[in-house]
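Work through the exercises below with the sequence and the model side by side. Each task is followed by a solution that goes step by step.

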Amino acid sequence: AAGSRSMSEGWYSPGPKRFVTIFEDITEKRTIEEELKENKERYQALYNNAQVGLFRTRISDGKIMECNLSCALMFGYNAIEDCINEYVTSENYVDPGMREKMLELIRSNGEIKNFIARFQRKDGSVFWSNFTAKIHPDKGYIEGVISDITDKVMAEQALRESEEKYRSIVENSSDIIMLTRPDGKIAYISPQCRQILGYEQHEVIANKRPWYTYRDDQPKIKILHAQALQGIPGSNVEYRIMTKAGGIKNILHSWSPIFKDGRLQMIVSVVRDITDRIHAEQAMRESEIRFRTIFETAVDSIFIKNTRREYVSVNPATERLLGLAIPQLLGHTDEELFDQTIGRHIKEMDERVLVGHTVEDEVPLIIRGEQRIFHVVKAPIKDALGAITGICGIVRDITEKRRMEEELIKTE
């Protein structure tokens, strides 16, 4: 028949010429053999070209008996034959005792899944592996699948380190770091809330109120809070809050929305306690008011010069004392305002002040055609770092005092 295969046998017997022939149909047998061959070739192709490592190792010493190219490359070999001939897994576990642990598990369970171990390559470099395997004690080998997960492990380690770094920053920041959900509930608040608010973290998170705003500031903050829940950012908003102890603190609040696929996921806030700064600014303003009052109403002349010895601020008494209008004084030096001898003398005094000395002297000046005697005290002005930035001086007209002293001496 067409497409069929057969086998035949023949026998010859003596005597009359006769043959006996037997035919056998082996078509199915040949088909099965061809399919088996094709399957074997496909399996071999899959085995050799698999993207994961496939291996068979001896139980006794870990010697590789079979492996595919991916496995060979993983262990640092370009050829399968070289890997089989040279590589012994038991000699290349990086961490001591790891093979013993693997053998204990696989003998107990008959298999292991997702076992993590570090191996050394042919060139000495190290990689992280994840393998799943079965043990065949009767045949003396272990076979399984292995993957190089070094990139994954390194990425996870970098992520952990990043999380630890930022967690450390958040938890040790002097500011409050806060996460608020789109429904207005607080999902996280950093430990600094204890210092600023007086509340523990769990108390703030459990609180059903959105925040601890001082009553007079609530209308403004209510509007800003509604905007924040719509995804509108805010920056450096100053307002007051109530602490657990009933005190009032000034804070500076900034927030930014986080979106995912166009939807608001979270609001990140940074809250800074600026109470001390506000108090310091207030104290400074009060101090400036006091100083300005003294400066403006003082009978004595008070002036300030820069390091170039130019007048930068003078009070009204200076104007009266010297007979010069304030605009005539500002921006000028004493050499420009007085005669050469007096100008040089005042310059020498100023130079001593600019190197850190406080000086006191009596200076004669011709004012409105009349000689007057002035008692002068000058001291350096320093910034927060101690650098000299100018000169402060106080001048008193002691002309009458000196005349009275001279009259007294004459009468004696």
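**Exercise 1: a threonine and its surroundings**

Thr-57 counts as buried because its relative accessibility is 7%, buried being under 20% relative accessible area, exposed over 50% and partly exposed in between, with a 1.4 Å probe and protein chains only. The model is a predicted one, in which local features need pLDDT of at least 70 and side-chain atom pairs count only at pLDDT 80 or more, while totals for chains, interfaces and linings use all residues. Residues are numbered from 1 along each chain as its sequence is written, and side-chain values use heavy atoms, with hydrogens and water left out.

Task: state in which element Thr-57 is found and which residues it is in contact with beyond its neighbours within four places in sequence.

Solution. Begin with the element: Thr-57 is part of strand S3, where strands (E, at least two residues) and helices (H or I, at least four) are DSSP runs numbered from the N terminus. Next, take contact to mean heavy atoms within 4.5 Å. With neighbours within four places set aside, Thr-57 is in contact with Gly-62, Lys-63, Ile-64, Met-65, Thr-89, Gly-140, Tyr-141 and Ile-142.

**Exercise 2: the second largest cavity**

Task: give the volume of the second largest cavity, and say which residues line it and how they divide by class.

Solution. A cavity is, on a 1 Å grid over the protein atoms alone, a set of points where a 1.4 Å probe fits but cannot get out, and its lining residues have an atom within 4 Å of a point. Grid points are joined across faces, edges and corners, and the volume is the space filled by probe spheres set on the points; for the second largest cavity this comes to about 140 Å³. Its lining consists of Phe-55, Thr-57, Phe-75, Thr-89, Tyr-93, Arg-99, Met-102, Phe-119, Phe-131, Ala-133, Ile-142 and Ile-146. At least two lining residues come from each of strand S3 (53-58), helix H4 (98-109), strand S6 (126-136) and strand S7 (141-148). By class there are nine nonpolar, two polar and one charged, with Ala, Val, Leu, Ile, Met, Phe, Trp, Tyr, Cys and Pro taken as nonpolar, Asp, Glu, Lys and Arg as charged, and the others, Gly among them, as polar.

**Exercise 3: the largest nonpolar core**

Task: which residues of the largest nonpolar core touch the most other members?

Solution. Such a core is a set of buried Ala, Val, Leu, Ile, Met, Phe, Trp, Tyr and Cys residues joined through side-chain atoms within 4.5 Å. The largest has 27 residues, and those touching the most other members are Phe-75, Met-102, Phe-119, Phe-131 and Ile-142. Two or more of its residues come from each of strand S4 (64-67), helix H2 (69-74), helix H3 (80-86), H4, strand S5 (111-120), S6 and S7. Apart from this core lies another, of 22 residues, including Met-178 and Tyr-239.

**Exercise 4: the cysteines**

Task: how many disulfides are there, and how far from Cys-71 and Cys-83 is the nearest cysteine sulfur?

Solution. With a disulfide taken as a pair of cysteine sulfur atoms within 2.5 Å, the count is zero. For Cys-71, the nearest cysteine sulfur is that of Cys-67, 4.6 Å away; Cys-71 is buried, at a relative accessible area of 0%. For Cys-83, the nearest is again that of Cys-67, 4.0 Å away, and Cys-83 is buried with a relative accessible area of 0%.

Methods: 1 Å grid on protein atoms, 1.4 Å probe; cavity = no way out; pocket = protein on both sides within 12 Å on 5 of 7 lines; lining within 4 Å.
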